[in-house]
Amino acid sequence: ALPISALGGTTSALVARAISEKEAVVANDSARDPMLIFGAQGADTGIRSLAVLPLMVADEAVGVLVLY
């Protein structure tokens, strides 16, 4: 298993939240979302929103799917 701290990047806080809460996390305005460390840089590339979906097996989050 890959620890959340090893993920780095712009979505690690949202990934951690999706895994711990076992619920989807959505950032509708990535440039202004305080949970995104480099949200403004993502906006420069055209990313305006994202969704982090936990992958569940037997009520345990085993990974995530991130949609940009």
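These are my notebook entries on a predicted model.

**Ground rules.** I number residues from 1 along each chain as its sequence is written. The model is predicted, so I take local features only at pLDDT of at least 70 and side-chain atom pairs only at pLDDT 80 or more, while totals for chains, interfaces and linings use all residues, and side-chain values use heavy atoms, without hydrogens and water.

**Confidence.** I looked up pLDDT, the predictor's confidence in each residue, from 0 to 100. The protein's mean is 79, and 74% of its residues reach 70 or more. I then went through the elements, which are DSSP runs numbered from the N terminus: helices (H or I, at least four residues) and strands (E, at least two).

I found an open sheet of three strands, in the order β1-β2-β3, with antiparallel pairing. Two strands pair if DSSP finds at least two bridges between them. β1 (25-27) and β3 (60-67) are the edge strands, each pairing on one side only. The twist averages 20 degrees from one strand to the next. Axes here are lines fitted to C-alpha atoms, for helices over the stretch in contact, and angles run from 0 to 180 degrees between N-to-C directions. I noted seven bridges between β2 (residues 50-57) and β3. Val52 stands opposite Val66 in β3.

**Helix α1.** I checked where α1 (residues 12-21) lies: across β1, β2 and β3, at about 35 degrees to β2. Its buried residues (under 20% relative accessible area, 1.4 Å probe, protein chains only) are Ser12, Leu14, Val15 and Ala18. Seen down the axis of α1, they fall within an arc of 160 degrees, so they line one face of the helix. That arc is taken from the directions from the helix axis to the C-beta atoms. Their cover includes β1, β2 and β3, by contact (heavy atoms within 4.5 Å). Lys22 follows α1, with a positive phi near 55 degrees.

**The core.** I listed the largest nonpolar core: Leu14, Val15, Ala18, Val25, Ala27, Leu36, Leu50 and Val52. Such a core is a set of buried Ala, Val, Leu, Ile, Met, Phe, Trp, Tyr and Cys residues joined through side-chain atoms within 4.5 Å. α1, β1 and β2 each give two or more residues to this core. α1 gives the most, with three.

**Gly46.** I placed Gly46 in the loop between α2 and β2.

Key
Buried < 20%, exposed > 50% of the residue type's maximum accessible area, 1.4 Å probe, protein only.
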